[in-house]
Amino acid sequence: MEFSLVTGDITQHDSPAIVVGIMQGVTELTGAVGKVDLALDGAIASLIEDGEIKGKRGEITLLHTLGKLQAKRVVVAGLGDADSVSINTVRALAGSVGRFLRSKGVTNYASAIHGAGAEGLGITECAQALVEGAELGMYRFDKHKSEQNSPQVESITLAVDDDSQTEEVETGVNRGRIIADAVNLCRSMANEPPNFMTPTAMAEDALGVATSTGIELEVLDRPQMTELGMGALLGVAQGSSEPPKLITLRYNGDPDNEENNLAIVGKGITFDSGGLDLKSAAGMLEMKSDMAGGASIIGAMKAIAQLKPTINVVGIVPATENMPGGKAQRPSDVVTAMNGKTIEIGNTDAEGRLVLADGVAYARSLGITKIVDVATLTGAVVVALGNLASGIFGNDQTWIDTVIQAGEDVGERLWQLPTFDEYKDQYKSDIADINNTGGRGAGATIGALIIGEFADGAQWAHLDIAGTNRTSKVDGFNPKGATGAPVRTLVALAESLSAE
Ligand code: BES
Ligand code: ZN
Ligand code: ZN
């Protein structure tokens, strides 16, 4: 999708469609919508009067201009109540409008920059949200379809009042493109069927990020992992004929300041059959996206490498299948993680915490002191929070709050769940240091705490995205399938920690 800028009166713009925003309850039409209304001899005002246009959030009204304007069509897009217009409104609306116009066969259109001028919203962030919304909302995963349904939107022109705004808008457009591209990379990896998205394919996608941005890539194979003692990851991998990979991307944004670091670690289970503790058919069906956490790391690293915050960021993805092959690990096996801790396998389906044990221990071995891990870890978090928020857990409240704030800034909800010390009794083992399961109750917390056992003094937070990584309904900037959460949070976090 191309984005360009045009200054001056939007009504003079020759385009198949122009899009203007409207707030709920306005009586006087000003700005772009005012100019368009005038050119249409008050058509918008009269539709408002008739109650046909209310300006409700997400409301879309299509008008044909019948020669009164250069553009053939006008879309009036509702922003909702003036008090509650936020950057999230603008992003979601841009997605819905883009899909709407695409469904009408429109392949290019012009848009006012919605939200700019509303309380507390700057033009740069509104332009960014508009680009993100359009790119994310019109994303399609159609590479395995022989025929495409409708042509994709090719270009969007953003209309600004005068030249003084161009630089700010260009900054927003550029940021929006980088971030949306990263989210869509994550989505495409997670939407890919598991016979395509193997651990090897994940490593290839990481290589694509490294070559296009110039950041460092390291991919460890089974022998190197054996050498490092990553028995927890290798135990999961041993039931599969696909070779496991430990993928590390490094962005050195503050090379003279090694302590200014962050590790983002993502679960990369490219298919979770459950292992010998096999899942049910229904439970297994969505398990191609059990690598969504890992994909979010690769996506976020791509954006971070381009936005260049002043911080060193390491992205780590322990990637493997969890399969019940003849060599598969057994329930009651004992494995030893990289840091020497022994783990009894209470359930082979609790494999995410095992690969993350070694992923997090690896981050510690690199001297990292701030860690966020991201995983489709538990069904329990879906029971607790549904798909409206990811669960967040951690060992340091300041760090947890920093991560929650990064999510808040980009409209990705994180909801903290408890990690009381007493919960730790649940995953005691009679024969090893810990068990990988903790019986009934507090399943999401138990999974989180087990990963936390490997953080070894670092500030650590865990995001359980089991409920938020996919969606079954089209809404705003999310089509069906992988959402790309929490790529935008991870990027915002790295930027918020930037030393400059
Ligand atoms: N990948 C699953 C968790 C999951 C469930 C993700 C539903 C997305 C949707 C994970 O590996 C798993 O199977 N967890 C078990 C843990 C249990 C065996 C302790 C679970 O949640 O049931
Ligand atoms: Zn599992
Ligand atoms: Zn899993």
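## Two domains

Into which domains is the protein divided? In this predicted model, domain 1 covers 2-146 + 156-161, while domain 2 covers 180-499. Where they touch, domain 1 contributes 15 residues to the contact and domain 2 contributes 17 residues.

## Where the domains meet

The size of an interface is often given as the accessible area lost when the parts come together. Here, domain 1 and domain 2 bury about 1,400 Å² between them, and 61% of that area is on carbon and sulfur atoms.

Another pair to look up is Lys 143 and Glu 192, which form a salt bridge with their closest N and O atoms 2.7 Å apart.

## Strand E6 and its neighbours

Now turn to strand E6, residues 155-160. This strand is mostly covered, with 5 of its 6 residues buried. Strand E1 (residues 2-7) runs parallel to E6 and is joined to it by 6 bridges. Strand E5 (residues 108-112) is parallel to E6 too, with 5 bridges between them.

Leu 158 of E6 is a handy landmark: it is the bridge partner of Leu 5 and also of Ser 111. To get from E5 to E6, the chain passes through helix H4 (residues 123-137), making a right-handed β-α-β crossover.

Notes
Residues are numbered from 1 along each chain as its sequence is written. Chains are lettered from A and ligands numbered from 1 in the order in which they are written. This is a predicted model: local features need pLDDT of at least 70, side-chain atom pairs count only at pLDDT 80 or more; totals for chains, interfaces and linings use all residues. Side-chain values use heavy atoms; hydrogens and water are left out. Buried means under 20% relative accessible area, exposed over 50%, partly exposed in between (1.4 Å probe, protein chains only). Helices (H or I, at least four residues) and strands (E, at least two) are DSSP runs, numbered from the N terminus. Two strands pair if DSSP finds at least two bridges between them. A crossover is right-handed if, with the strands pointing away from the viewer, the path from the first strand over the helix to the second runs clockwise. Domain bounds come from an automatic or database domain assignment. Contact means heavy atoms within 4.5 Å. Buried area is the accessible area (1.4 Å probe) that two parts lose on being put together, summed over both. A salt bridge is a side-chain nitrogen of Lys or Arg within 4 Å of a carboxyl oxygen of Asp or Glu.
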